[in-house]
Amino acid sequence: MTDMAHPPAAPAKRRARLGLLRRLNLSTWIGLVIVVALVLAAIFAPWLTEYSPSKQNILHQLSPPGDGHLLGTDQYGRDIWARLLYGARYSLTIGIFAIVVAMIVGTFLGMIAGFLGGRTDIVLMQVMDVILAFPALILGLALVALIGATMGNIIIAIAFTATPAFARIARAGVMTQRDREYAQACRALGFSGPRILFRHIMPAILPEVMVMSSLWMATAVRTEASLAFIGLGLAPPTPTWGGMVREGYDNILSSFHLALAPSIAILLLVLAFNLIGDGLRDVVDPRLKDAS
Amino acid sequence: MTDAAISVRDLRVSFSGKEVVHGLSFDIPRGGTLALVGESGSGKSVTSLAIMGLLPQGIGRATGEILFGGRNLLGLSERDMCRIRGGEISMIFQEPMTSLNPVQRVGDQLAEVIRLHRGLSGAELEEAVLEMMRKVRIPAPEKRLRQYPHTFSGGMRQRIMIAMALACSPSLIIADEPTTALDVTVQAQTLQLLKDLQQETGAAVLFITHDMGVVAEVADEVLVMRHGKVIEHGAVHDVFSNPRDPYTADLIRAAPTLAGARPEARPAPEPLPGGALPAAAEACGAGATVLEVRDLKVRFPVHGGLLGRVQGNVHAVEKVSLSIARGETLGLVGESGSGKSTIGKAIIDLAPRQGGEIRVAGQRIDYRDKASLAAMRRKVQMIFQDPYGSLDARQSVGSAILEPMLVHGLAKGAEAQERMAWLMEKVGLDPARAGSLPHEFSGGQRQRICIARALAMEPELIIADEAVSALDVSIKGQIIDLMIGLQEELGVSYLFVSHDMSAVERICDRVAVMYFGEIVEIGPTPEVIRQPGHPYTRRLLSAIPITHPDQRGSRRPILTEDKPSSPIKPVGFQSPPAQWGRLGSDHFVRCEA
């Protein structure tokens, strides 16, 4: 059915997509370059450093940057550059996957609530409001403490805290689109509810959701680092950026570079996601750009 | 031309280097009215913004001369313009609903203008505000002064806007489509008021409109614009009698002709036995009945009080019965809020029904039964007012036409593709453009796409809800011709919901007049227009603008200031049974007790 209905649409859609790429502004491009660079660094970590992230070396404890170790070593003599590269794998995976899960679940629930309205809407959104009432970090902390600090669990915990944001934005979007004339025209043409919701309304609200997701990825990276910092991240010796800051904190007076390097890494990634999000928002909603 | 209130010489306006107004010159004498006529995109509103110095900064540029009170407005600083705006030149906008600040009392908004430009305060200021409100005939101004805009009707809001415009006795008033958003009876009142006040104050008026009927009512001089160029300029009588440009002639022809004539004397209706509308009476034309509506009721609950309990119901549609024969067009006319659109929506299940029976092609529709509903949807289709809004902006038009066929399993694969191409050709579009998105088409073309999409289901009835109201005059005619042509070829019936009498005249075989949720008169279009039986029909028709300035004074609009009865009724309210009378063989009218 999809194939039959859409072949004539293909060229126009491709044009539209290319147009979007061309309309991206400088800040989005900077953000994209940083994220892509970090992803490549995480993937090709073994080629970018000769050291292992967990290999301890008593002879080179707390050595300063340079001297064979690009960013120095920590109190166990592990190479910080290597730990940063391998740590990027965890930060990126958790940040991206948690938000992808939250986006899918939250958008779906929000769309259902907005489209059906009535009691379904009230119940779903009340649940979302309860989740939203907890600070994300506290809720994530409680969840991880409850179910254990594995990679999958941390993703679930962070996704859980981010879901209501997506539900809300999707619900609001669907509610404004639902009463637009084209949605009414679809009903008058005898289209089923799911068809109208997923084929006609969803494409209209997706841009907004995408913008939201890149902004929330920044938050997810931060939450993951915070969890690791208070000791609820992946268990040592797994290299995570938040965990590295925590370990560096113990020696902050003598060797501040231990905490500084992962902090800058976190800063870069959060900044990159925010730049992408802001840039995308300007493209999706030109009115905001004019206002600012 | 020493007594000209304003002289415009070779005005050129450009946006980001692209010229949109190409050399415009006119004078308006004191107390005179110039009508600036044109379709959307003709540059008429841009001209008014240029005079007010309100072109978007940095993007819009105006050159030429605008001489007002001995000064060239284009050379003035923003500070000097501020003093002129609202003081010596004032403006009335199209949208009375949004031109007033909703969170400020009406009196305060009026007072602000007077304080700024006349420097009054205290009791003097309040007296000036009251005087202005009395001038624009707001009933009980002492009370109205302290109310918020949402308690005012559209017509009253526009009168407040006029009061604000006149507050400082300007020498020029720019009225930008001031009556376009208003119902025709309210339009007649507003135009009358504007004319009276103009005579009183001697202000010049620049009247921007697209409606030649309004021009015939108010203008001394006419200037027709198209694509930023002046194509006709002259005294109103000359332009109407001998239009030089064919485009002007088209515009003049687009005015309703039947309704423009004087209504003939009418015989008294002969009461029907039992007072009820006979079932046979609703469908006149020969052939099978496509749609039959009996005692349709639509009500919307009104919540109020602390607990949000239902305190009453809006009787949007009250015991409406009508029927449409195969290949026939029934018009539903009435003002906003009369329930005419709700009838169409209730038939197609976009509005709830509280009673009544609907039959399509003889079969009773059970709206709770999915199969019955699906059968109805295949036979009844709808076209909406806004062709862009009713298309999915992200779906190619070909796909939009195909989708209903695929969903309902009417055709698939190559057969569906072929049918889509055939439909596009039928509505006058190139099938090669099937892959384009809606925004790549013009307004008229989009409405053609909507018609093709409705026809894809091979419906027996198409409900056209204000389908031509948003279109420019020249395109409106083409779409109506297309609809008539398709009807002759395919035998489809139309329920044509519209407030636009010229369109109704051209396309409708019969017309039903709606007033507060009820049909008050139904009959063949020419009979209803020439011999209106119901007082409301007469009032509605009398308010339609004249078609030639020579007719000025020949037809006085029947104006009523009294508030009509509210459509909000207490819970459990039963309307009394209607008494119908007969005026012609198929012409029926409600007799008011």
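**Note on the predicted two-chain model**

1. With 13 C-beta neighbours inside 10 Å, B:His227 counts as partly exposed, because that class lies between the limit for exposed residues, 12 or fewer, and the limit for buried ones, 20 or more. The model is a predicted one. B:His227 sits in the loop that links strand 9 (221-226) to strand 10 (229-235) of chain B. Although B:His227 is not a glycine, its phi is positive, at about 50°. Most residues other than glycine have a negative phi.

2. B:Arg137 lies in the loop between helix 5 (122-135) and helix 6 (141-144) of chain B. Is B:Arg137 buried, partly exposed or exposed? It has 16 C-beta neighbours inside 10 Å and therefore counts as partly exposed.

3. The largest nonpolar core holds 234 residues, and the members that touch the most others are B:Leu110 and B:Val513. Helix 5 of chain A (residues 80-116) supplies the largest share of this core, 18 residues. Within chain B, domain 1 (4-253) and domain 2 (270-591) each contribute at least three residues to the core. In soluble globular proteins, nonpolar side chains tend to be buried together.

4. The surroundings of B:Val513 can be listed in detail. Beyond four places in sequence, its contacts include B:Val333, B:Gly334, B:Ile519, B:Val520 and B:Glu521. B:Val513 is also in contact with B:Val528, B:His534, B:Tyr536, B:Thr537 and B:Leu540.

5. Strand 20 (residues 510-515) of chain B runs antiparallel to strand 21 (residues 518-524) of chain B, and 6 bridges join the two. Opposite B:Met514 stands B:Ile519, a residue of strand 21 of chain B. Both strands belong to an open sheet of 9 strands with mixed pairing, ordered 11-23-24-21-20-14-19-18-17 (chain B). At the edges of this sheet stand strand 11 (270-271) and strand 17 (380-383) of chain B; each has a single partner strand, so one side of each is left without a neighbour in the sheet.

6. How many residues of chain B are in contact with chain A? There are 30, and they meet 22 residues of chain A. On the side of chain B that touches chain A, two or more residues come from each of helix 13 (370-379), strand 17 and helix 14 (397-407) of chain B. Helix 14 of chain B gives the most, with 7 residues. By type, the residues on this side of chain B are 12 nonpolar, 11 polar and 7 charged.

Definitions and conventions. Residues are numbered from 1 along each chain as its sequence is written. Chains are lettered from A and ligands numbered from 1 in the order in which they are written. This is a predicted model: local features need pLDDT of at least 70, side-chain atom pairs count only at pLDDT 80 or more; totals for chains, interfaces and linings use all residues. A nonpolar core is a set of buried Ala, Val, Leu, Ile, Met, Phe, Trp, Tyr and Cys residues joined through C-beta atoms within 7 Å. Helices (H or I, at least four residues) and strands (E, at least two) are DSSP runs, numbered from the N terminus. Domain bounds come from an automatic or database domain assignment. Two residues are in contact if their C-beta atoms, placed from the backbone, lie within 7 Å. Two strands pair if DSSP finds at least two bridges between them. Ala, Val, Leu, Ile, Met, Phe, Trp, Tyr, Cys and Pro count as nonpolar, Asp, Glu, Lys and Arg as charged, and the others, Gly among them, as polar.
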